[in-house]
Amino acid sequence: MRRDESLPSLIRRNTLQIGEVAERVGLSLRTVRYYEEAGLLVPAGRTPGGFRLYNDDAVSRLLVIRKMKPLGFTLDEMRSLLAVRDELADPELTPERRAELRERLRTWVALAEEKLATLREQAGVAEDFVVGLHGDVERSRSEERTDHPER
């Protein structure tokens with residue numbers, strides 16, 4: 001660190017304020033705060049004015065959370081998966097613990113695949129509904145022409 005450079009300016013250069021994070025991950029400020037209050041996210045620090053600062057890890061966590069949300073994962077499930085991912089990132093993890101966590105991660109993969117299959121099924125039902133509505137519109141047009149031939 002240069003003598004004329006303070007630690008707060010170094011921290012600020014490597015972090016983002018909450019609005020920047022929200023924009024980067026496509027979430028509202030309120031949602032980012034909610035995830036922080038729920039314990040899924042921890043700011044890297046605060047500015048002298050008290051504004052939250054987030055690092056790349058926080059951005060990555062929010063991107064994972066954002067991907068889990070449409071699959072219907074609860075906050076507790078999100079917290080649990082993030083804890084597994086965090087622990088797996090520890091370079092000093094014993095091989096036994098790493099194997100255990102990898103197995104837990106495989107369980108998460110299976111659960112996510114189940115949730116995705118359910119979501120795809122629901123999307124298929126919704127698509128059928130939309131196609132049916134388009135058919136209703138077309139039928140109503142043809143009925144209108146036969147009911148009023150002068151048009």
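This is a predicted model: local features need pLDDT of at least 70, side-chain atom pairs count only at pLDDT 80 or more; totals for chains, interfaces and linings use all residues.
The strands of the model are arranged in an open sheet of three, which runs in the order β1-β3-β2 with antiparallel pairing. The edges of this sheet are formed by β1 (16-17) and β2 (45-46), each of which pairs on one side only. Between β1 and β3 (residues 52-54) the antiparallel pairing extends over two bridges, and L16 is placed opposite Y54 of β3.

Y54 also belongs to the largest nonpolar core, a set of 27 residues in which V32, L40, Y54, L62 and I65 touch the most other members. Two or more residues are given to this core by each of α2 (18-25), α3 (29-37), α4, α5 and α6, and the largest share, six residues, is that of α4. For L62, when neighbours within four places in sequence are left aside, the contacts comprise V21, V25, L27, V32, Y35 and L41.

The largest pocket holds about 200 Å³ of space, and its lining consists of V64, K67, M68, L71, F73, L81, R85, L105, W108, V109 and A112. The elements that supply two or more residues to this lining are α4 (56-68), α5 (75-88) and α6 (95-147), with α6 giving the most, namely four residues.

How values were computed. Residues are numbered from 1 along each chain as its sequence is written. Side-chain values use heavy atoms; hydrogens and water are left out. Two strands pair if DSSP finds at least two bridges between them. On a 1 Å grid over the protein atoms alone, a cavity is a set of points where a 1.4 Å probe fits but cannot get out, and a pocket is an open set with protein on both sides within 12 Å along at least five of seven lines; lining residues have an atom within 4 Å of a point. Grid points are joined across faces, edges and corners, and a volume is the space filled by probe spheres set on the points. A nonpolar core is a set of buried Ala, Val, Leu, Ile, Met, Phe, Trp, Tyr and Cys residues joined through side-chain atoms within 4.5 Å. Buried means under 20% relative accessible area, exposed over 50%, partly exposed in between (1.4 Å probe, protein chains only). Contact means heavy atoms within 4.5 Å.
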